Amino acid sequence: MKFQLVINMERITPAVDMKEVARHTLEMVQMADEGGFAIAWAAEHHALEMTIAPNPFQILTWWAAHTSRIRLGSAVVVAAYWHPIKAAGEAALLDLYSGGRLEFGIGSGAYQREFDRMHPGLARNDAYRYMHEMLPAVKALWRGDYAHEGEFWSFPTATSVPKPVQKPHPPIWVAARSPDTYDFAVKHECNILSWPLTRPMSELEVYRGRLEAALVANPGKPRPTFATMRHTVVYDRPEDWEVPVKAAMRQLGQFENLFKNLGDVTGGFPRAIDLAELENREEYDPHMLHRNLMFGTPDEVIEKLRAYEALGVDHFTYSASLGLGMKEQKRSLELFVREVMPAFA
């Protein structure tokens, strides 16, 4: 099993210095580069301090200049916010600048709040249609001259400038949860990025089943790389378990605000709603979070990861941040590299 890193520039409150956040984020990526992680992923989000990522390619170009081995991925380009020519060109330029290290991740998007601002009138549940139209167009532009007449975009003959360094194109990843998206990914020979949120392993088993069903429905297509993401914190002592759980609960309250599109966001900071008030509050029980997320001592995390490996997870995606202090984030990554990863070498 290989390992990936998701690291966001994030601020939970205005008291945190943005320059310090940027420095910390880059240092985490450099630790992952030196430690043998396969891929570092940058997100795309808008007008939210908890995920400061208005352009993933700009972030990845920054990382490329300060790393040497780790591959660099967009997780994910939100299709509805881009034009195919612009997405193809910016991605290819990053592939050139990074020496052929781009992993191109594309998806539908996360929060209705962002669609209301970036693509007014588009319902989040309909955004997958933009991804379905965009990806074939981007691949065609990478190959050469291409004209497009579609539902969402139309343009005369154009091409990607520059072209990607990697041939025939960079590896492509799709953020997948629904059966239709797994089928799309297999049909178009895309790798899978999955995220079971805070739910138990049974949720991941559902995703694994959807992948297998898509492979059966598309005979002859290669099996994609299957990656899954969990928020991860490794700590020295068992009694430290509440530190990441309390940090996670604070930020998950902000996530729930965004998922429910409550509109209670001031200056880019969502109000953290009281998780105890939620109908789905059982998804945020502290002991459940400790059990389901990748929280633990090195030995506990190794044991948890063995279950992912046995289920057929090819890449485990270590999601950092989640409200944890910068010092604790670095200690966690240090322990993961030094004591966890060698068990899967």
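A pocket here is an open set of points on a 1 Å grid over the protein atoms alone, with protein on both sides within 12 Å along at least five of seven lines, while a cavity is a set of points where a 1.4 Å probe fits but cannot get out; lining residues have an atom within 4 Å of a point. Grid points are joined across faces, edges and corners, and a volume is the space filled by probe spheres set on the points.

This is a predicted model, so local features need pLDDT of at least 70 and side-chain atom pairs count only at pLDDT 80 or more, whereas totals for chains, interfaces and linings use all residues. Residues are numbered from 1 along each chain as its sequence is written, and side-chain values use heavy atoms, with hydrogens and water left out.

**Pocket and cavities**

Let's start with the second largest pocket, which holds about 170 Å³ of space. Its lining has 15 residues, and Glu10, Val16, Leu324, Met326 and Gln329 lie nearest the centre. Two or more lining residues come from each of α1 (18–35) and α11, with α1 giving the most, 3 residues. Helices are DSSP runs of H or I with at least four residues and strands are runs of E with at least two, numbered from the N terminus.

Ile7, Asn8, Met9, Thr25, Ala42, Ala43, Ile52, Ala53, Ile59, Trp62 and Trp63 line the largest cavity, and helix α2 (residues 56–64) is its top contributor, with 3 residues. Around the second largest cavity sit Met28, Thr232, Val233, Tyr318, Ser319, Ala320, Ser321, Leu324, Gln329 and Ser332. Here β10 (226–234), β14 (315–319) and α11 (326–340) each give two or more residues.

The table sorts the linings by class: Ala, Val, Leu, Ile, Met, Phe, Trp, Tyr, Cys and Pro are nonpolar, Asp, Glu, Lys and Arg are charged, and the others, Gly among them, are polar.

| Space | Volume | Lining residues by class |
|---|---|---|
| Second largest pocket | about 170 Å³ | 5 nonpolar, 8 polar, 2 charged |
| Largest cavity | about 50 Å³ | 9 nonpolar, 2 polar, no charged |
| Second largest cavity | about 30 Å³ | 5 nonpolar, 5 polar, no charged |

**Helix α10**

Helix α10 (residues 298–311) has 14 residues and spans 20 Å from first C-alpha to last, close to the 20 Å expected at 1.5 Å a residue; the expected span is 1.5 Å times one less than the number of residues. Its buried residues are Pro298, Val301, Ile302, Lys304, Leu305 and Tyr308. Down the axis of α10 they fall within an arc of 165°, so they line one face of the helix; the arc is that of the directions from the helix axis to the C-beta atoms. Turned away from that side are the exposed residues Asp299, Glu303 and Ala310. Buried means under 20% relative accessible area, exposed over 50% and partly exposed in between (1.4 Å probe, protein chains only). After α10 comes Gly312, with a positive phi near 105°.

**Aromatic rings**

The model has 18 aromatic pairs. Rings of Phe, Tyr and Trp (its six-membered ring) pair if their centres lie within 6.5 Å, with planes under 30 degrees apart counted as stacked, over 60 as edge-to-face and the rest as tilted. Trp41 and Trp173 have ring centres 5.4 Å apart and planes at 80°, so this pair is edge-to-face. The pair links distant parts of the chain, 132 residues apart: Trp41 is in strand β2 (residues 39–42) and Trp173 in strand β8 (residues 172–175). Trp41 counts as buried at 1% relative accessibility, and so does Trp173 at 2%. Elsewhere, Phe3, Phe37, Tyr318, Phe336 and Phe344 form one aromatic cluster.
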